[in-house]
Amino acid sequence: MHRRRKITHRRQNHSNLRRLRQTTPTAASFSVGLWNCQSAVNKADFIASYANHLSLQLLALTETWIKPENTATPAALSNNYSFSHTSRPSGRGGGTGLLIANGLKHTPLLPTNTYTSFEYHATLVNTPAKLGIIVIYRPPGQMGEFTNELDMLLSSIPDQDCPMLILGDMNIHLDSPCSTDFISLMHSFDLEQVPSLPTHKAGKNLDLIFTRKCDTDSLTVTPLHLSDHYFIQLNVCIEKKPKAAPTMVSFRRNLRDLSADQYSSLVTDNMPPPDSFSSLNVNDATDALCSTLSSCLDDLCPLTTRVMRSNKPQPWLKNDTVRELRSRLRAAERKWREKRIHADLKNYQLLLALFSTCLTTAKAEFYHSKINSLTDSRRLFATFNTLLNPPPPPPATCLTAEALASFFTGKVVAISSQFTDATCSDPTTCSAPLYPSTKGINKERVQKSLQGTGK
């Protein structure tokens, strides 16, 4: 006789429940620069090194003057950065480009299209957060079709919800009545202008920055000696999902201002009395001494943290003269930004010119020594290739309807070309059957086919 099994129902035990930790969006920050360099051809080394000096992640350039056949200038700009640019199709001048730090993944945002009133270069940064960037250069002159063509460009952006950064030298006087339609157009796409000081030596604000779904801060304008346009730097913040990978930081102390007498006096005052200290055993006395030394050092020179660079500096930047000039350059820039004296600005610009010349010399000496020391022809040609050709751009990942249709059209054409034309253009004139070797179907043949005994 089987005993009936007693069925018990489980009850809820709320003490086993745990509150889930909610994650809040964190902000992704980009250090961005904008400059009308008025020819990057003879300033490539300075531009890349100055961007690295400011720890920029993105640097938009207008009037690059890089011709389509010029590959040496993009290669020189690709030190610690990936340089993506669009040249003017014909004629002199023009050109737009974007320096992107090597740690940032990016793809083309829009297909290349030619407008008559302006030039542009569009890129989509995918990490650490999505940010669409359009660099625009509009030559001086009448507005013409600029507003209508810009409307066409902005309407062709695939993802209208993506944060956007539109910046460049647009040569528009916003206080002029002619700019009313332009301002209305930008507002219709939820683009807000970032307020800025004058960006040209004539006191005009010609270089404009517009953002959508992102915040900006710490905007500075610096007059450089190499262009009529000032250098603009700002931070762009975007909310993003939290990332598990921790940020690498380095710890350091500033020991330059540490006085040995002050440190010795502070240690003496904080040490235990001699009678009690002498009564301690060796281990306790050592711990007490180390603890006192460490706490006094923290009081005089506190430990600070600094985010580590994701990219290693170029070898010619380790030159002693270049490193000394970079240190003097930082000090001169801090002094000018603090007091805003014209003499300090002149001194800063003089150091910038000296830094640019020294940088070019150090880079030339580095490659001269490297090329002379190479005995392997393969490595020698690889070195020349890095100097004359930039790294290939990443493939485009944005799929448009035209690209999808073109892909399948080409696929059909390629498959069709592999077959011979076995059909007649006019069925009434075909005397031979389409399949002359086909035999009739009967019960015996079907039976053999099912049994696998014959054809």
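A: Happy to! A salt bridge here is a side-chain nitrogen of Lys or Arg within 4 Å of a carboxyl oxygen of Asp or Glu. By that rule, K335 and D344 are joined in a salt bridge, with 3.9 Å from N to O. Please keep in mind that this is a predicted model. The two partners can be described by their cover: K335 is partly exposed, with a relative accessible area of 43%, while D344 counts as buried at 11%.

Searching the whole structure turns up seven salt bridges. One of them is the pair K363 and D45, whose side chains meet at 2.7 Å, N to O. K363 belongs to helix α9 (residues 342–373) and D45 to helix α1 (residues 44–53), so this pair ties together parts that are 318 residues apart in sequence. K363 is buried, at 9% relative accessibility, and D45 is buried too, at 18%.

Now turn to K213 and D161, a salt bridge in which the closest N and O atoms are 3.6 Å apart. K213 sits in the loop between β10 (207–212) and β11, and D161 in the loop between α3 (146–155) and β8 (164–169), so the pair links parts that are 52 residues apart in sequence. K213 counts as exposed, with 51% relative accessibility, and D161 counts as exposed as well, at 56%.

Some charged residues gather in surface patches instead, and residues in such patches have no salt bridge. A patch of positive charge on the surface brings together R252, R256, R306, R330 and R334. Within this group, R256 is found in the loop between β13 (249–252) and α5 (260–270), and R256 is exposed, its relative accessible area being 74%.

There is a negative counterpart: D190, E192, D215, D217 and E239 form a negative surface patch. To find D215, follow strand β11, which covers residues 215–222. D215 counts as exposed, at 55% relative accessibility.

S31 counts as buried because its relative accessibility is 10%, and buried means under 20%. Leaving aside residues up to four places away in sequence, S31 touches L54, S55, L56, Q57, L58, Q233, L234 and N235.

Terms used. Residues are numbered from 1 along each chain as its sequence is written. This is a predicted model: local features need pLDDT of at least 70, side-chain atom pairs count only at pLDDT 80 or more; totals for chains, interfaces and linings use all residues. Side-chain values use heavy atoms; hydrogens and water are left out. Patches are made of residues with over 30% relative accessible area and no salt bridge: like charges are joined within 9 Å, nonpolar side chains (Val, Leu, Ile, Met, Phe, Trp, Tyr) within 5 Å. Accessible areas come from the Shrake-Rupley method with a 1.4 Å probe; for residues, only the protein chains shown count as cover. Lys and Arg count as positive and Asp and Glu as negative; His and the chain ends are not counted. The place of a charge is taken as NZ of Lys, CZ of Arg, CG of Asp or CD of Glu. Helices (H or I, at least four residues) and strands (E, at least two) are DSSP runs, numbered from the N terminus. Buried means under 20% relative accessible area, exposed over 50%, partly exposed in between (1.4 Å probe, protein chains only). Contact means heavy atoms within 4.5 Å.
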